[in-house]
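Here are my notes on this model, point by point. Please read them with the structure open.

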Amino acid sequence: MSPQYYLGALLLMCGALAYLQEGPSSLSVYALRLGPGEEIVTSLFKFVEEKKLKAPFVITCVGSVTKATLRLANSDALNTNEIIYLNERLEVVSLVGTLNEHAHLHISLADKDGKTIGGHALGDLEVFTTAEIVIGEASTLQFTREMDNHTGFPELVIRPRSEDAIST
């Protein structure tokens, strides 16, 4: 049997709702540069809404911020209070994730000594000098989020985009 069969069976056994794509989706790429004082997460949501993107994701981001709010990796559905608030000049080493209605973004930041910290970007990512962001969109897919009883979080659901949505 094919690897897709086994992966599909595993997802069904776990109760996960997913779409296994038969082949690649075409990709549209957008570039966005934010300036001092702009908030990254809010700006990304606004960009996605203005462009009417259905399956957007961050390919890469470099720049710097003066503050950030992160949820750390040891949080779970019952304990989401592992949140840190950073108020210093930090270099954006990486920002990746999906950008649908309830974005799932992870960020890595480096301080003045090069020490890094990362986590789930909750917001408050205020640009210090610049944020150069490259955004992709899978043009035959649509991303949504639905509550996953197994994880306790709204998780990514990938569906084929309707033919009407693809042609517009």
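Which residues does Glu39 touch, not counting residues up to four places away in sequence?

1. Glu39 touches Leu34, Gly123, Asp124 and Leu125, with neighbours up to four places away in sequence left out. Contact here means heavy atoms within 4.5 Å. Glu39 itself is found in the loop between S1 and H2. Helices (H or I, at least four residues) and strands (E, at least two) are DSSP runs, numbered from the N terminus.

2. A word on the basis. This is a predicted model, in which local features need pLDDT of at least 70 and side-chain atom pairs count only at pLDDT 80 or more, while totals for chains, interfaces and linings use all residues. Residues are numbered from 1 along each chain as its sequence is written, and side-chain values use heavy atoms, with hydrogens and water left out.

3. Glu39 is buried yet has no salt bridge. Buried means under 20% relative accessible area, exposed over 50%, and partly exposed in between (1.4 Å probe, protein chains only). A salt bridge is a side-chain nitrogen of Lys or Arg within 4 Å of a carboxyl oxygen of Asp or Glu. The nearest side chain of opposite charge is Lys67, 8.7 Å away. For charge, Lys and Arg count as positive and Asp and Glu as negative; His and the chain ends are not counted.

4. The Glu39 side chain does meet backbone nitrogens. That of Thr42 is reached at 2.5 Å. That of Val41 lies 3.1 Å from a polar atom of the Glu39 side chain. Both are polar contacts: pairs of N or O atoms within 3.5 Å, where within protein one must be able to donate a hydrogen and the other to accept it, and residues adjacent in sequence count only if both atoms are side-chain atoms.

5. Side chains of opposite charge can pair when their charged atoms come close. The count here comes to 5 salt bridges. One of them joins Asp124 to Lys67, with the closest N and O atoms 3.6 Å apart. This pair links distant parts of the chain: Asp124 is in strand S6 and Lys67 in strand S2, 57 residues apart. Lys67, Asp124 and Glu126 are linked in a network of salt bridges.

6. Asp124 lies in strand S6 (residues 116-138). Asp124 counts as partly exposed because its relative accessibility is 35%. Lys67 is also partly exposed, at 24%.

7. Glu137 and Arg161 form another salt bridge, at 2.9 Å between the closest N and O atoms. Glu137 is in strand S6, and Arg161 is in the loop between strand S8 (154-160) and helix H3 (163-167), 24 residues apart. Both residues are buried.

8. Arg159 pairs with Glu146 in a salt bridge, the closest N and O atoms being 2.7 Å apart. Arg159 sits in strand S8 and Glu146 in strand S7 (residues 141-147), 13 residues apart. Arg159 is partly exposed at 32% relative accessibility, and Glu146 is partly exposed at 31%.

9. Lys52 also has a positive phi, about 55°, although it is not a glycine. Lys52 is found in the loop between helix H2 (40-51) and strand S2 (56-71). With 62% relative accessibility, Lys52 counts as exposed.
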